[in-house]
Amino acid sequence: IFASDEDVNKIGQMESGKPLKLQTNLISKYKELIPTQLNAVLIKVLNNPMGYILIADDIHLREITNMRLEMEKCKKSADDHSKIHHEYSEKINKLNTTIQNIFITPQNDLRNIIKELSGELHNIFESYMTTCWMMENGNEKLKLIAQYGLSEKGIEKCKILDETTPNI
């Protein structure tokens, strides 16, 4: 049973052949209001109306399903965030150990220290490419000290970013 005469009139307009999308309240035999979305399509054979397909969708059930999907997305996002936080905590600990080890070994050449550190940064953070430049002896020209590139994990990260980044 339709809850309003206005909705009954809209159903009557289906004969124009336009698909109908209508949000209405149906009344159950127990006199409960059921918020419903009706989708109706006129079926024609050789331009003769044969009948209608009427699909009733319980709005509450659809909203519950949508909320469950949103909750699953939020949980996945929280899990991903936790995993990333853990990964970077481990990487920072590795970096701290690396820095301590570099400065513990007796090296007096700043260039070697920076070169070793940039290589470790490249390995720890799995970058696509790491390049280290340095100015020497007051000269304002940059001098290439080290370059590490094309790590497999870095390439994979770039592919994933490329696939997930929308085209602008």
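1. Leucine 42 stands opposite tyrosine 52 in β3, and the two strands concerned, β2 and β3, pair in the antiparallel sense over ten bridges. Here two strands are said to pair if DSSP finds at least two bridges between them, while the elements themselves are DSSP runs numbered from the N terminus, with helices (H or I) of at least four residues and strands (E) of at least two. Elsewhere along this pairing, leucine 38 has alanine 56 in β3 as its bridge partner.

2. A word on the basis of these remarks: this is a predicted model, in which local features need pLDDT of at least 70 and side-chain atom pairs count only at pLDDT 80 or more, whereas totals for chains, interfaces and linings use all residues. Residues are numbered from 1 along each chain as its sequence is written, and side-chain values use heavy atoms, with hydrogens and water left out.

3. On the overall layout, the protein chain has four helices and five strands, and from the N terminus on its elements run α-β-β-β-α-α-β-β-α. Of the 168 residues in the protein chain, 18% are buried, where buried means under 20% relative accessible area, exposed means over 50%, and partly exposed lies in between (1.4 Å probe, protein chains only). The chain exposes about 13,600 Å², of which carbon and sulfur atoms supply 57%; accessible areas come from the Shrake-Rupley method with a 1.4 Å probe, and for residues only the protein chains shown count as cover. Contact means heavy atoms within 4.5 Å, and among contacts between residues at least 6 apart in sequence, 33% join residues at least 24 apart.

4. The strands β1, β2 and β3 make an open sheet of three strands in the order β1-β2-β3, with antiparallel pairing. Because β1 and β3 stand at the edges, each with a single partner strand, one side of each is left without a neighbour in the sheet. The twist averages 35° from one strand to the next, with axes taken as lines fitted to C-alpha atoms (for helices over the stretch in contact) and angles running from 0 to 180 degrees between N-to-C directions. Helix α2, residues 59–104, lies across β1, β2 and β3 and runs at about 55° to β3.

5. Strand β1, residues 20–27, pairs with β2 in the antiparallel sense over eight bridges, and asparagine 25 has proline 35 in β2 as its bridge partner. The hairpin of β1 and β2 has five residues between the strands, and lysine 31 is placed in that loop. Phi of lysine 31 is near 65°, a positive value in a residue other than glycine, and lysine 31 counts as exposed because its relative accessibility is 74%.

6. What phi does leucine 46 take in the hairpin of β2 and β3? This hairpin has two residues between the strands, and leucine 46 takes a positive phi near 50° there, although leucine 46 is not a glycine. Leucine 46 is exposed, with a relative accessible area of 79%.

7. Leucine 46 also belongs to a nonpolar patch on the surface, which is formed by Val41, Ile43, Val45, Leu46, Met50, Ile53 and Ile55 and has about 670 Å² of accessible area together. The elements that give two or more residues to this patch are β2 (33–45) and β3 (48–58). Patches are made of residues with over 30% relative accessible area and no salt bridge, like charges being joined within 9 Å and nonpolar side chains (Val, Leu, Ile, Met, Phe, Trp, Tyr) within 5 Å; a salt bridge is a side-chain nitrogen of Lys or Arg within 4 Å of a carboxyl oxygen of Asp or Glu. Valine 41, one of the patch residues, has its place in strand β2 and counts as partly exposed because its relative accessibility is 41%.

8. Turning to another part of the chain, alanine 146 lies in strand β5, residues 142–149, and counts as buried because its relative accessibility is 5%. Not counting residues up to four places away in sequence, alanine 146 touches Lys115, Ser118, Thr130, Thr131 and Cys132. The C-alpha atoms of alanine 146 and methionine 134, twelve residues apart along the chain, are separated by 9.5 Å.
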